[in-house]
Amino acid sequence: MSFASLGLSAAILKAVEKQGYDTPSAIQAQAIPAVLEGKDVMAAAQTGTGKTAGFTLPLLELLSKGQRAQRGQVRALVLTPTRELAAQVAESVSTYGANLPLKSAVVFGGVSINPQIAALRNGVDVLVATPGRLLDLCQQKVLSFSQLEVLILDEADRMLDMGFIRDIKKILAMLPKQRQNLMFSATFSDEIRELAKGLVNNPVEISVTPRNATANTVDQAVYAIDKSRKAKILTKLIKENDWHQVLVFSRTKHGANRLAKNLEADGIKAVAIHGNKSQSARTKALADFKAGTAQVMVATDIAARGIDIDQLPFVVNFDLPNVPEDYVHRIGRTGRAGASGQAVSLVSDEEVKLLHDIERLIKRVIERKQIAGYEACHTLPEPNLNRAGGHNSNHKKPNPNRRKHASQNNNDNSARPESRHSARQNSRADASANSTAAKKPQRRRQGNNSANSAASGSVNPYANARPKSRD
Ligand code: AMP
């Protein structure tokens, strides 16, 4: 199947071709025709399936056929849970719409609101937004949704996890009843179906990834390792295998900082990204990582959510996630769109039960590996996907850190919902840092800056804040 056979016009096909895509992914093959027919869509698709192009391409096609946005109006609204995802979706809109006379903008908290207000005044065809900042802008009466044609909820499951339900309901109440609705979610949980009831009408349901499955293109391995030696084995793995573009997950913000420092001390250029970092620091870390200046990016789950990096080859779980579903999200960062990837997990004595829960969830036994000289004092249990619990009876020595570790639940507060309150706080706090605040993450594959060219009609209030050396 080709993109041309899906009913997209030459201007869009040209942009798709420029990205080097020749075949639509499964979600694209199903979603594009449905959206073009004007149907509501409810799609279960994880990051990495090509879902962004799955909704962006037909959206742009539909919008390009209608009347341009009028002053203060928004024709299509894409809601995302995180700032990073908002920036990346907006980048896709600009990239795929480079040959169309459509205007797009992105708004999220943590940066000054004024450039966003200016960008919206004349109206935009596509607005990508996080809920909190969008509500702030609505309160300032900058926007009108009276001519809204399409609403897209991206990563709806994560929006609910992050407590956005009230904000979403407030936003829905402002939209015209007649509109097309597209909802994307990693899973169709009961809550998602409940939300969908009040949102989509007679939707086409698409599911491209079985619930909690991990892609076959990802090689998964676990190393049993004493907690105190995790940093050393990570350095060894990276250096000896010459790994580049390694995304490392840390359960805590402090852990992420500490590990990035350790890696630097071992001569590996590393950056950390988490909720205690300012938006500009996060954006810079991501840009350095994408550009390859930083070999490793250490991230917490929430901060990493939605990070879209083409063919990320290595993911390391320095700590296993507390919630097994997060393992699936984490390793979904690699092995995307058919590319192969490697996911390595370092499992300490205290994490054996977490490993067991993960294996039961993904219904798969992960390969056990060892490195001579780095054997742990504990062994991993024989895999058993059926047995509930996963108590490890193989401890060879008591672990003095056990209690300390168990009580350590320093969750990443970058998950803070972009509530109106926090958005206001952020906008105040970051007002002075605005000149560097929202440099858009760069796509590595694109050597140029066509995604944001004036010719594409894209309105990016931060376009001028981007460092010249990257253009
Ligand atoms: P997404 O699931 O939207 O986050 O997309 C995952 C990655 O797949 C992104 O890096 C896209 O650039 C890439 N991608 C999307 N569609 C295709 C395609 N048809 N062929 C190859 N790569 C694609």
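At what angle do helix α2 and helix α3 pack, and how far apart are their axes? The model is a predicted one, in which local features need pLDDT of at least 70, side-chain atom pairs count only at pLDDT 80 or more, and totals for chains, interfaces and linings use all residues. Residues are numbered from 1 along each chain as its sequence is written, and side-chain values use heavy atoms, with hydrogens and water left out.

Two packed helices are described by the angle between their axes and the distance between the axes. Helix α2 covers residues 26-36 and helix α3 residues 51-65; they pack at an angle of about 25 degrees, and their axes are 8 Å apart. Because of that angle, α2 is roughly parallel to α3 (angles under 35 degrees count as roughly parallel, over 145 as roughly antiparallel, 65 to 115 as roughly perpendicular and the rest as oblique). Axes here are lines fitted to C-alpha atoms, for helices over the stretch in contact, and angles run from 0 to 180 degrees between N-to-C directions. Helices (H or I, at least four residues) and strands (E, at least two) are DSSP runs, numbered from the N terminus.

On the α2 side, the contact is made by I27, Q28, A31, I32, V35 and L36; α3 contributes K51, A53, G54, L57, P58, L59, E61 and L62. Contact means heavy atoms within 4.5 Å. Ten of these residues are nonpolar, two polar and two charged, where Ala, Val, Leu, Ile, Met, Phe, Trp, Tyr, Cys and Pro count as nonpolar, Asp, Glu, Lys and Arg as charged, and the others, Gly among them, as polar.

I32 of helix α2 counts as buried because its relative accessibility is 0% (buried means under 20% relative accessible area, exposed over 50%, partly exposed in between, with a 1.4 Å probe and protein chains only). Leaving aside residues up to four places away in sequence, I32 touches F3, L6, L8, I27, G54, L57 and P58.

Within helix α3, T56 is also buried, at a relative accessible area of 1%. With residues up to four places away in sequence not counted, T56 touches S92, V93 and Y96.

Helix α3 also takes part in a link to a distant part of the chain: F55 pairs with F184 of strand β6 (residues 180-185), 129 residues apart. F55 is buried at 0% relative accessibility, and F184 is buried at 1%.
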